[in-house]
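Colleague: Walk me through this one, please.
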Amino acid sequence: MKLLCINHEFPPIGGGGATACYFLTKELEQMGDSCTVITSSFADLPARETVNGCRVIRVKALRRKRDKSTFLEMLTFMFSAFFTAGRLLRKESFDRCFIFFGIPSGPLGWYIKKRYRIPYIIRIGGGDIPGSQDRFQILYRLLSLPLKRIWKDASSVVANSEGLERRARVFYDCSHLQVITNGVDHQYFSRKTAEKKYEVEILFVSRLLEGKGLQYVIPRMKEIQERTVGEVHLSIVGDGPYREELAQIIRKHGMEGLVSMEGRQDKESLLEYYSRADIFILPSRGEGMPNVVLEAMAMKLPIIMTPCEGSKELVTDNGIIADYKHFSDAVVKLANDRELREKMGNRSREIAEDRFQWKHIARQYREVLEHNE
């Protein structure tokens, strides 16, 4: 198949959706498909290049930050991509369109189907479901009807977790909504020998947003330390708009010795944090299927998550699902039981290898692309 993929994010910019696009196109190319990605320009990235055999075309967009994009910036991508896709489709033919996110790429998939009769599938990510983010509430109200039409006319709408699928069905219960999970690069994310700084190192990795729930964990760190045999420490890796608020919470509760904010780390440095860690936590109020948890699993870490989207698929006998009331109890339980941590960590790696290799995930997407008109 010859595939046209449209995603406003592609590495080295973006988050989980960008990572998924990178690995899915890589695996599809290895299966014999031909992929072209239209994505956003950023800084001095080349306008055109080949990545893992995939042709990447970067169009002008007013994107200022590597890890996030405002709605206005997404809108500039959509208009640029509209003209670039039109020029491309007048010269070449494609079999399918692979759209990442209903916002901002969904309208392009819909237009391409109407104008060029090319079927499209949409991979939704959470933030493009109306109601997901408070900052977009007015836009969600304006975009709800067009989004429902875009979903309706897609050959398939793919959510990356059962929880996200349920949330999507609340918005629009279309018959062709299905689940294909995220994957993980288990070969890269493989535990290395690293010098530990504390007896029990707890790790959080994600963008710093209020919804990630750290404000419920940080004030309990003294209690966790008092109930734990051995020195504990929480490392917060990431950056975002909630950073200063978290810093104030740390200072307010006198947690400077128990909690450190490490900022955003490059991929190589992140491996060191994973390799030093004993426990990975994600106390989030809502997720799709978090890539950081998959990475932590590949790194042989036991997982403690809140009961949000993706938790049931990711956390079974390799960790603990706990609400905020019982989250610190779960941390203490694992912090005091090295044998249990190791057992759960080994199980995390087994699950990552058995169920979440990108080549397996790509085969599922290929089947959807191949059999949907």
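Modeller: Helices (H or I, at least four residues) and strands (E, at least two) are DSSP runs, numbered from the N terminus. This is a predicted model, where local features need pLDDT of at least 70 and side-chain atom pairs count only at pLDDT 80 or more, while totals for chains, interfaces and linings use all residues. Residues are numbered from 1 along each chain as its sequence is written, and side-chain values use heavy atoms, with hydrogens and water left out.

Colleague: Start with salt bridges. How many are there?
Modeller: Taking a side-chain nitrogen of Lys or Arg within 4 Å of a carboxyl oxygen of Asp or Glu, the count comes to 22 salt bridges.

Colleague: What does E342 pair with?
Modeller: With R338, in a salt bridge whose closest N and O atoms are 3.3 Å apart.

Colleague: And how are E342 and R338 placed in helix α12?
Modeller: They are four residues apart in α12 (residues 338-355), so about one helical turn separates them. An α-helix has 3.6 residues a turn, so residues three or four places apart point the same way.

Colleague: Is R338 buried or exposed?
Modeller: R338 is exposed, with a relative accessible area of 59%. E342, at 44%, counts as partly exposed. The cut-offs are under 20% relative accessible area for buried, over 50% for exposed and partly exposed in between, with a 1.4 Å probe and protein chains only.

Colleague: Which residue does R366 meet in a salt bridge?
Modeller: E370, at 3.3 Å from N to O. Both lie in helix α13 (residues 358-371), four residues apart, about one turn of the helix. R366 counts as buried at 19% relative accessibility, while E370 is partly exposed at 39%.

Colleague: Which residues do shared partners join into one network?
Modeller: R220, E223, R227 and D329 are joined by salt bridges that share partners.

Colleague: What about R169?
Modeller: R169 forms a salt bridge with D173, and their closest N and O atoms are 2.5 Å apart. R169 is partly exposed at 27%, and D173 counts as exposed at 54%.

Colleague: New topic. Where is H186?
Modeller: In the loop between β8 (177-179) and β9 (200-205). H186 is buried, with a relative accessible area of 15%.

Colleague: What does H186 touch?
Modeller: A298, R349, E353 and Q357, leaving out residues up to four places away in sequence. A contact means heavy atoms within 4.5 Å.

Colleague: And G14, where is that?
Modeller: G14 is in the loop between β1 (2-6) and α1 (16-30). On the same exclusion of residues up to four places away, G14 touches E9, R63 and R66. The C-alpha atoms of G14 and S69 are separated by 8.2 Å, with the two residues 55 apart along the chain.

Colleague: Which residues of helix α8 are buried?
Modeller: In α8 (residues 267-276), L270, L271, Y273, Y274, S275 and R276 are buried. Their cover includes β9, β10 (232-237), β11 (259-263), β12 (279-282) and α9 (291-298).

Colleague: Last one: which residues gather in the patch of positive charge on the surface?
Modeller: R48, R87, R90, K91 and R115. Patches are made of residues with over 30% relative accessible area and no salt bridge, like charges being joined within 9 Å and nonpolar side chains (Val, Leu, Ile, Met, Phe, Trp, Tyr) within 5 Å. Helix α2 (residues 71-91) gives the most to the positive patch, with three residues.

Colleague: Where does K91 sit?
Modeller: K91 is in helix α2, and at 73% relative accessibility K91 counts as exposed.

Note on methods. Accessible areas come from the Shrake-Rupley method with a 1.4 Å probe; for residues, only the protein chains shown count as cover. Lys and Arg count as positive and Asp and Glu as negative; His and the chain ends are not counted. The place of a charge is taken as NZ of Lys, CZ of Arg, CG of Asp or CD of Glu.
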